[in-house]
Amino acid sequence: MYALNSEQTSILRNLSEVVQKSILPHANETDASATFPKASIQALADAGYFGLTLPNDVGGMAQPPRMFVAAVEEIAQACASTAMIYVMHVSGTQGIATSSTVGDRKSLLSDIAAGKHLTTLAFSERGSRSQFWAPMSQLTPVGNGFTTDAFKSWVTSASHAQSYVSSVQKPGAESPMEVTLYLARPDAVGVEIGSGFNGLGLRGNNSTSVRFNNMAVTERDLLTKQGEGASMMLEVLLPWFAIGTAAMANGLCRAAVAATTSHLCSAGFENTNSQLRDLPNLQSRLAEMSVRTEQSRALLAHTVAEMENPTAMTPLYVLQSRLAAIEAAVDVTDLAMKACGGAAFSKHLSIERNFRDARAGWVMAPTSDHLREFVGRALTGLPLFG
């Protein structure tokens, strides 16, 4: 689907082995207990996948967006919580990799590629909620550096990441769009991490609040020049996050299709010596599930090709691919629940977990409502934010 070359096919094959051996066996327990999948994340780190998109000179695999989405899709079919953590990590990594201002950049990237450093994004704030692009926190100059107070909400891997790629208004900003991005550390003085996450889906992603209380920020922590963070946010971080979460949603679709197919082919009626697959209504539901899944994957495949060779249409495809994928995931997993009936509702299949995990895309910024607005604005020639 994603037109992988021989090297990339080999990387995906190796990842599939990691997934089957070290991620899939923990998926149900991760969901049931709402615990961070340490073993799964460590397996990805040990196999080198923390540095999938980083350049060779820091120990990375130097892989493009198409390999990233193929990897996320593979992981998400087994455990969407692990996939979410990985998407946030790679997105944050891209911010560090493209920074021209952060201190010790090469050392940071080397640690990431070596599997020693997990990063994540910390954008959304209590004051701006799902409008992640408009932080309310602001840098205050103090001596040769700054301090900031912020209430960051829904920070994935909050208790386990070694760094947060965060956003803040520049000193004296007159608009929330005058953003500076910086790297925060969870062990810094003034950082207070919330109590954990116990949600409907993606239950292992440790998404919780993080408070910065008069936290010091140095010039070496800045990922962008003052007030220039919006460019990195919209041109680097948002695209990688969007295709990553689209791939996660597509992985959920594929998992639901596979589980439904297996159930329809293995369960049946002893009194008529027939199987569920013989029922036309269930055949129809499975067909619709498969078509929706492949439509979404095809759009994402086109989008990553656009990202690797950008055109004026690339930002639009990025937004559309995420919107199409999160809507497909909701519809496909809903159809899977209906097709499999009691076996799905009683949690005998993974479908019920897929169904809950798929709903996260609707509340995760940019939400489906935001995406529709953004796409409409882009199609009519309006600026994204206005």
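Modeller: What follows is a set of questions about the terms used here, and the model is a predicted one.

Biologist: Why is α6 called roughly parallel to α8?

Modeller: Helix α6, residues 229-266, and helix α8, residues 314-340, pack at an angle of about 20 degrees. Angles under 35 degrees count as roughly parallel, so α6 is roughly parallel to α8. Their axes are 8 Å apart, and α6 passes α8 in a left-handed crossing.

Biologist: What makes up the contact of α6 with α8, by class of residue?

Modeller: It has 20 nonpolar, six polar and one charged residues.

Biologist: Which residues of α3 and α6 meet?

Modeller: From α3, the list includes Pro65, Phe68, Val69 and Val72; from α6, it includes Trp240, Ile243, Gly244 and Ala247. By class, the contact of α3 with α6 divides into eleven nonpolar, four polar and two charged residues.

Biologist: How do you know that Ala329 counts as buried?

Modeller: Ala329 has 1% relative accessibility. Buried means under 20%, so Ala329 counts as buried.

Biologist: Where is Ala329, and what is Ala329 in contact with?

Modeller: Ala329 is placed in helix α8. Leaving aside neighbours within four places in sequence, Ala329 is in contact with Ala249, Cys253 and Ala358. Ser6 is 323 residues from Ala329 in sequence, and their C-alpha atoms are 29 Å apart in space.

Biologist: What makes a set of residues a nonpolar core?

Modeller: The residues must be buried, of the listed nonpolar kinds, and joined through side-chain atoms within 4.5 Å. The largest such core here has 105 residues, and Leu44, Phe68 and Tyr86 have the most contacts inside it. Helix α6 gives the most to this core, with 19 residues.

Biologist: Which residues does Leu44 touch?

Modeller: Not counting residues up to four places away in sequence, Leu44 touches Leu15, Val18, Ile23, Tyr49, Phe50, Ile75, Thr82 and Tyr86.

Notes:
Residues numbered from 1 in each chain as written. Predicted model: local features only at pLDDT ≥ 70, side-chain atom pairs only at ≥ 80, totals over all residues. Heavy atoms only, no water. Axes fitted to C-alpha atoms, helices over the stretch in contact; angles between N-to-C directions. Helix = DSSP H or I, 4+ residues; strand = E, 2+ residues; numbered from the N terminus. Parallel < 35°, antiparallel > 145°, perpendicular 65-115°, else oblique. Left-handed = near helix turned anticlockwise from the far one by under 90°. Nonpolar A, V, L, I, M, F, W, Y, C, P; charged D, E, K, R; others polar. Buried < 20%, exposed > 50% of the residue type's maximum accessible area, 1.4 Å probe, protein only. Contact = heavy atoms within 4.5 Å.
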